[in-house]
Amino acid sequence: MEVSIMGKKISWEDAERYGHLDSNESIYAKPNKYGYIINVNHPNVRPYYDHYKDTLGAIILSDSQRKNFEYAFFIMLKRKEEKNNVYKNRTGRKVEL
């Protein structure tokens with residue numbers, strides 16, 4: 001049996017392999033032609049992404065909706081960091097205040 005992804009048919013085995021996510025993979029997306037920054041398939045991001053889609057009543061987000069989600073997600077991350085008093089210095093290391 002085959003699955004259709006973006007017009008290309010692939011086997012279920014290949015779909016499962018492509019859908020695999022390493023536990024240490026970043027929440028940030030790999031460089032892509034769409035300019036997306038957040039990896040919405042990451043297990044820590046997906047619940048927020050699904051909630052956002054449900055709030056909009058959308059199954060698939062438009063590009064502008066996706067950009068709005070990423071903006072809102074960054075705001076949430078910043079607030080969470082501020083709440084936990086964790087900041088990053090210039091070297092990228094976390095510094096607890």
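Is Glu70 buried or exposed, and what is its relative accessible area? In this predicted model, Glu70 has a relative accessible area of 3%. Because residues under 20% count as buried, Glu70 is classed as buried. The residue belongs to helix α3, which spans residues 63-83. Apart from neighbours within four places in sequence, the residues in contact with Glu70 are Gly35, Tyr36, Ile37 and Ile38.

Helix α3 also takes part in covering another helix: it is included in what covers the buried residues of α2. Helix α2 runs over residues 46-56, and its buried residues include Tyr49, Tyr52 and Lys53. These three lie on the same side of α2, because the arc they cover around the axis is only 95 degrees. The face turned away from this buried side carries His51, Asp54 and Thr55, which are exposed. Just after α2 comes Gly57, whose phi is positive, at about 75 degrees.

The mean pLDDT of the chain is 78, and 66% of the residues reach 70 or more. Helix α2, described above, has the highest confidence in the chain, at 95. The lowest confidence is found in strand β1, residues 2-5, where the mean is 48.

Methods:
Residues numbered from 1 in each chain as written. Predicted model: local features only at pLDDT ≥ 70, side-chain atom pairs only at ≥ 80, totals over all residues. Heavy atoms only, no water. Helix = DSSP H or I, 4+ residues; strand = E, 2+ residues; numbered from the N terminus. Buried < 20%, exposed > 50% of the residue type's maximum accessible area, 1.4 Å probe, protein only. Contact = heavy atoms within 4.5 Å. Arc of directions from axis to C-beta. pLDDT = per-residue confidence, 0-100.
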